[in-house]
Amino acid sequence: MRKGKYVALFLSSVALITMLTSCSGANGMNVKVTKLDYKKEFEENREINEGNSLNEIEVSIDVGNVNVSHSTDDTFKISVTYNASAKSEKDLEDIMNSVELSTVQEDNHIGISIVKKDSDENVWDWLDKNMENNYNLSADINIAVPKTVSEYTINNDTGNISLENLEGIFCAVTDTGNVYAREIVFQDKSTLQTDTGNIELKLDEKSVVNKSDVTISTDTGNIVIALNDSRFEELEREGDGVSMKRVIEVESKCKIHATTDTGSITIR
């Protein structure tokens, strides 16, 4: 995972600032900090007309937000907003000419990712090798899926995940970011997870129609479960003032296991 890299970069930045403010004058040391003055926002859009033949979607990105909702027809609609910055105009152009949305279809499955153009290599891996740390790139993805989709797998290193008005089995995981799930009809077993971030789940009577089991977890962050007057029974509750665990069953159908190592769990 890329999480360790971002922590390292943050600590390196703090160290550089400390050196500049406390050591430079005394020792005559000159520390060069790379400025990413060249910035650009650009977009990429794609439609897949045979979307009604697909029922599994897998999304994987390193940096950016992922938003998934229902399409109004049988078409997959995917839009990506890129934000890039670099130390020179040439480097910025290289980024813009190298990044590409990848959609790979196999049987009833579609995989969505951001790659180096004309290859299947993760674009952030390629940029790390070719530009070291002298760049920033994020990709915010908005995906509208037809109602035939019933299995969702979303993996994100740094960024939020938002799911809205969907039905199926979900595995939504981000290392650093929030997870939002609104008007979701869960089937079977699902997972909403973040290492560092908050999780918000909104349910109502219309969305609790199947027997289902949902695991919600964050290492550092708060969990809010909004039930909109739906009936629930609390099956388990424990906490030590720092960590917390709550298990509830909504409308005698949807069992929710919520845990946070550092944070709170609110049910309302």
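On a 1 Å grid over the protein atoms alone, a pocket is an open set of points with protein on both sides within 12 Å along at least five of seven lines, a cavity is a set where a 1.4 Å probe fits but cannot get out, and lining residues have an atom within 4 Å of a point. Points are joined across faces, edges and corners, and a volume is the space filled by probe spheres set on them. The model is predicted, and while local features need pLDDT of at least 70 and side-chain atom pairs count only at pLDDT 80 or more, totals for chains, interfaces and linings use all residues. Residues are numbered from 1 along each chain as its sequence is written, and side-chain values use heavy atoms, without hydrogens and water.

The second largest pocket has a volume of about 210 Å³, and its lining includes His70, Lys147, Glu183 and Ser207. Among the strands (DSSP runs of E, at least two residues, numbered from the N terminus), β9 (161–176) and β10 (179–186) each supply at least two residues of this lining, and β9 gives the most, with 3 residues.

Cysteine 254 is buried, at 2% relative accessibility, whereas cysteine 171 is partly exposed, at 29%; buried means under 20% relative accessible area, exposed over 50%, and partly exposed in between (1.4 Å probe, protein chains only). The structure holds 0 disulfides, a disulfide being a pair of cysteine sulfur atoms within 2.5 Å.

Technical notes:
Helix = DSSP H or I, 4+ residues; strand = E, 2+ residues; numbered from the N terminus.
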